[in-house]
Amino acid sequence: MSSNKVLQPNFKLSFLLPKYWLTWFAVFILYSISWLPYKWQLGLGRMVGRLLMKIGSSRQSVADTNLKLCFPNMSEDERKRMLKANFENTGIALFETGMGWWWPNWRVKRKVKVKGLEHIAKAKEAGNGVLLLAMHYLSVEINCRAMGTQHPTVVFYRPHNNELMEYFQFRGRGRSNKYMLGKRDVKGLIRSLREKETCIYLPDQDYGRSKSEFVPFFNVKDAATTTGTLIFARQKNVETMMVIPTRNEDGSGYTIEVTPALENFPTDDDVADVTRVNQELEKAIMRAPDQYMWLHRRFKTRPTPEDPSLYKKS
């Protein structure tokens, strides 16, 4: 196994101190609920999501602003319906975390269908590494685990600030995958690609002004978009594909689709390339827009520091 992997956090006696008792309680509840029938968890998740919508006014405002910015022609009634569905899916995502961390492999495989793995196989046969571009769908935890049961990957991730939660998160996310790299370990991900691994990278959030271009994302003409994608995609012998996870509307489980490699990508034009990435993300998000993480302040970075925030209250 590659030497790139993050060292697995070990259990500490300090985790038994009172400051972690609330975390232990939350983990116990989440673990217990993960063993309930799947559709019960969906129902509970929707209830929790509706509660979050009532008490989380700031996040509701962010999500509503994002929908207004991205879909200015959407009617108010339609936007309210999507906002409610988005919060319900946020509640479900809480329990999908438990599914992703603790479900046995047989249960994961029974609920998830992965399509398009032949595209990865073709790239590997040609001697190439694979960069899978993903997006922050709310079901990311269960789908990351599910992808690993079919094709173990290298995962780029953000360590949790709570050490005990990081202990559980690392083990949960890494159960079916090869190894995990901290979000700042750019060299580690490059080495993994050179070793012909399949690596997952999420380029859809606002990572700040540094190493970004301001290009269109939905109806926002100047969204800060990371050029980090291009650092990885431009490595020698790397093919870039999209991986698109969605929760099936009939409640039967999940579908993950790997698309064919992007043709003529990347080029030597940063603006054109990240614009194309955003266009691919848009198409993926529109498969199930209410399942996307609209609660993130996607447009918080403006082209110049003097530009007013799009999230200020009127």
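Here is a short tour of the model, stop by stop.

This is a predicted model, with local features needing pLDDT of at least 70 and side-chain atom pairs counting only at pLDDT 80 or more, while totals for chains, interfaces and linings use all residues. Residues are numbered from 1 along each chain as its sequence is written, and side-chain values use heavy atoms, with hydrogens and water left out.

Start by colouring the chain by pLDDT (the predictor's confidence in each residue, from 0 to 100). The mean is 93, and 97% of residues reach 70 or more.

Next, select helix H7, residues 140-150: nine of its 11 residues are buried (under 20% relative accessible area, with exposed over 50% and partly exposed in between, using a 1.4 Å probe and protein chains only). Among them are Cys144, Met147 and Gly148.

Now show Phe11 and Phe15. Their ring centres are 5.5 Å apart and their planes lie at 85°, so the pair is edge-to-face (centres within 6.5 Å make a pair of Phe, Tyr or Trp rings, the six-membered ring for Trp; planes under 30 degrees apart are stacked, over 60 edge-to-face, the rest tilted). Phe11 is partly exposed at 39% relative accessibility, whereas Phe15 is buried at 1%. Both belong to one aromatic cluster that also includes Tyr20, Trp24 and Trp101.

Finally, select Arg298, which lies over the face of Phe217, 5.0 Å from the ring centre (the criterion is NZ of Lys or CZ of Arg within 6 Å of the ring centre and within 35 degrees of the ring normal).

Notes:
Helices (H or I, at least four residues) and strands (E, at least two) are DSSP runs, numbered from the N terminus.
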